[in-house]
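Here are my notes on the chain you sent over.

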Amino acid sequence: SPTRSKDIHQWANPIVPVKHGDKTEPWEIDGLTGATVSSVAIADILNKSAEHWVPVIRKGLGTLQGGE
């Protein structure tokens with residue numbers, strides 16, 4: 001899983017696109033050849049989505065796991 005900073009709302013490593021085959025870290029995604037702008041846009045969408053949903057999911061994790 002991605003590395004998290006002490007603040008649960010911040011990821012230590014944002015999702016970044018890299019050239020196909022150059023991925024070495026879990027937070028990297030393979031970019032599309034010839035579609036750099038689209039690859040960066042997808043990474044931005046994923047980062048914004050994670051910023052919103054990860055805290056919501058963490059807050060409700062007990063309920064999601066069948067707890068309280």
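1. In which strand is Pro-17 found? Pro-17 belongs to strand β1, residues 16-18 (strands are DSSP E runs of at least two residues, helices are H or I runs of at least four, and both are numbered from the N terminus).

2. A word on the source before going further. This is a predicted model, where local features need pLDDT of at least 70 and side-chain atom pairs count only at pLDDT 80 or more, while totals for chains, interfaces and linings use all residues. Residues are numbered from 1 along each chain as its sequence is written, and side-chain values use heavy atoms, leaving out hydrogens and water.

3. Now the overall layout. The chain has 2 helices and 2 strands, running β-β-α-α from the N terminus on. Of its 68 residues, 16% are buried (buried is under 20% relative accessible area, exposed is over 50%, and partly exposed is in between, with a 1.4 Å probe and protein chains only). The chain exposes about 5,400 Å², with carbon and sulfur atoms supplying 59% of that (areas by the Shrake-Rupley method with a 1.4 Å probe; for residues, only the protein chains shown count as cover).

4. Back to Pro-17. Pro-17 counts as partly exposed because its relative accessibility is 28%. Leaving aside residues up to four places away in sequence, Pro-17 touches Ile-29, Gly-31, Ser-39, Val-40 and Ala-43 (contact means heavy atoms within 4.5 Å). The C-alpha atoms of Pro-17 and Ile-42 are 8.4 Å apart, although 25 residues separate the two along the chain.

5. Glu-28 deserves a look. Glu-28 sits in strand β2, residues 28-30, and is buried yet has no salt bridge (a side-chain nitrogen of Lys or Arg within 4 Å of a carboxyl oxygen of Asp or Glu). The nearest side chain of opposite charge is Lys-23, 5.6 Å away (Lys and Arg count as positive, Asp and Glu as negative; His and the chain ends are not counted). Setting aside residues up to four places away in sequence, Glu-28 touches Val-16, Val-18, Asp-22 and Lys-23.

6. Finally, the greasy side. Trp-53, Val-56, Ile-57, Leu-61 and Leu-64 make a nonpolar surface patch of about 490 Å² (patch residues have over 30% relative accessible area and no salt bridge; like charges are joined within 9 Å, and nonpolar side chains, meaning Val, Leu, Ile, Met, Phe, Trp and Tyr, within 5 Å). Helices α1 (36-59) and α2 (61-64) each give two or more residues to the patch, with the largest share, 3 residues, coming from α1. Leu-61 lies in α2 and is partly exposed, at a relative accessible area of 37%.
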